[in-house]
Amino acid sequence: MQNLATKFDNLTIQSDFIFKKVMSRKRICMHLLEELLQIKIADINYFEAEKSLDPDYASRGIRLDIIVADDKNTHYNLEMQVNNIKNPDTKHYVLPKRTRYYQALMDIDLLQKGQEYDLLPPTFVIFICVFDFFAKGNYFYTFKKRCLEDMELELPDEATTMILNTKGSHGNISKDIKSFYDYVNNHIVNSDFTKQIDDEISYLKLDTKVRREFMLLEARLLDERREGRADEKVSIAKLMLAKGCYSLQEIIELTGLSIDDIEKLKNDMHVAKQA
């Protein structure tokens, strides 16, 4: 528990937990969107924070940090991305197709059964990355669908993906967005906007309910990871038993399971085979 307490005290805006809490403050989230998109927003409404979208039991579910809709019914999904993750099997970076998947599931969630497609509202999927995914130095990269035969021709599906680069060095951004980048990167407070964010984080860290929520969340995630590792060990042991070419000692050494666990697996597999 002491390690978790220290971890909580050291959390920054880069943490999903803190990012979600800070962006749950309407004035901060609205100002970030207004400055980023250079628009005026009268109000925003929150959907379930860190909402889990899982349209089918066989599909891969996702958890979204922040989903809001403005007064014009434009929907925004805001995500903090600290690591530029690769799939260890394909060696491909996952970010591009992750944005595609987020967009698809947002659309499924926004269109009610029986509604016409044209009722889908405008959407923005916004990834705040602390790395330059495209290595071009831009402050941000905005993507819409365009015709390859005529790049001036845009598909008017009103779906926009933005990949922000807090390490960027060129492009047109407002002073508050630049100060937000400085704060994300180095915890530098150099504007009224980042002072609001920093004050909010300080307040959150003094809130015993927020601290308890973080502790419970971390404990649950640890249990899930342990359960996942245990399931993986069992799966490996089953495969080794099924092949029939591994000794009991080899299975114990490679999986870390006890002899009792493996004997139980053998019995269960035998019973299933006889059924």
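Trainee: How do the residues of the lining of the second largest pocket divide by class?
Mentor: Keep in mind that this is a predicted model, where local features need pLDDT of at least 70, side-chain atom pairs count only at 80 or more, and totals for chains, interfaces and linings use all residues. A pocket is an open set of 1 Å grid points, over the protein atoms alone, where a 1.4 Å probe fits, with protein on both sides within 12 Å along at least five of seven lines; lining residues have an atom within 4 Å of a point. Ala, Val, Leu, Ile, Met, Phe, Trp, Tyr, Cys and Pro count as nonpolar, Asp, Glu, Lys and Arg as charged, and the others, Gly among them, as polar. On that basis, the lining comes out as six nonpolar, four polar and three charged.

Trainee: Which element gives the most to the lining of the second largest pocket?
Mentor: The lining has 13 residues, with Pro96, Thr99, Arg100, Phe143 and Thr161 nearest the centre. Two elements, α4 (95–110) and β8 (159–165), each supply at least two of the lining residues; helices (H or I, at least four residues) and strands (E, at least two) are DSSP runs, numbered from the N terminus. With five residues, the top contributor is α4.

Trainee: And what volume does the second largest pocket have?
Mentor: Here a volume is the space filled by probe spheres set on the points, which are joined across faces, edges and corners. For this pocket, that gives about 360 Å³.

Trainee: How far does α3 reach from its first C-alpha to its last?
Mentor: α3 covers residues 26–37, twelve in number, and its reach is close to the expected 16 Å; that expectation is 1.5 Å times one less than the number of residues. Its buried residues include Ile28, Cys29, Met30 and Glu34, and just after the helix glutamine 38 takes a positive phi of about 55°. The computed reach of α3 is 16 Å.

Trainee: What is the relative accessible area of asparagine 77 in β5?
Mentor: Residues are numbered from 1 along each chain as its sequence is written, and side-chain values use heavy atoms, with hydrogens and water left out. Asparagine 77 is found in β5 (residues 75–81). It counts as buried because its relative accessible area is 0%.

Trainee: What distance separates the C-alpha atoms of methionine 215 and leucine 4?
Mentor: Methionine 215 lies in helix α7 (residues 208–243) and is buried, with a relative accessible area of 13%. Leucine 4 is 211 residues away along the chain, yet the C-alpha atoms are separated by 6.6 Å.

Definitions and conventions
Buried < 20%, exposed > 50% of the residue type's maximum accessible area, 1.4 Å probe, protein only.
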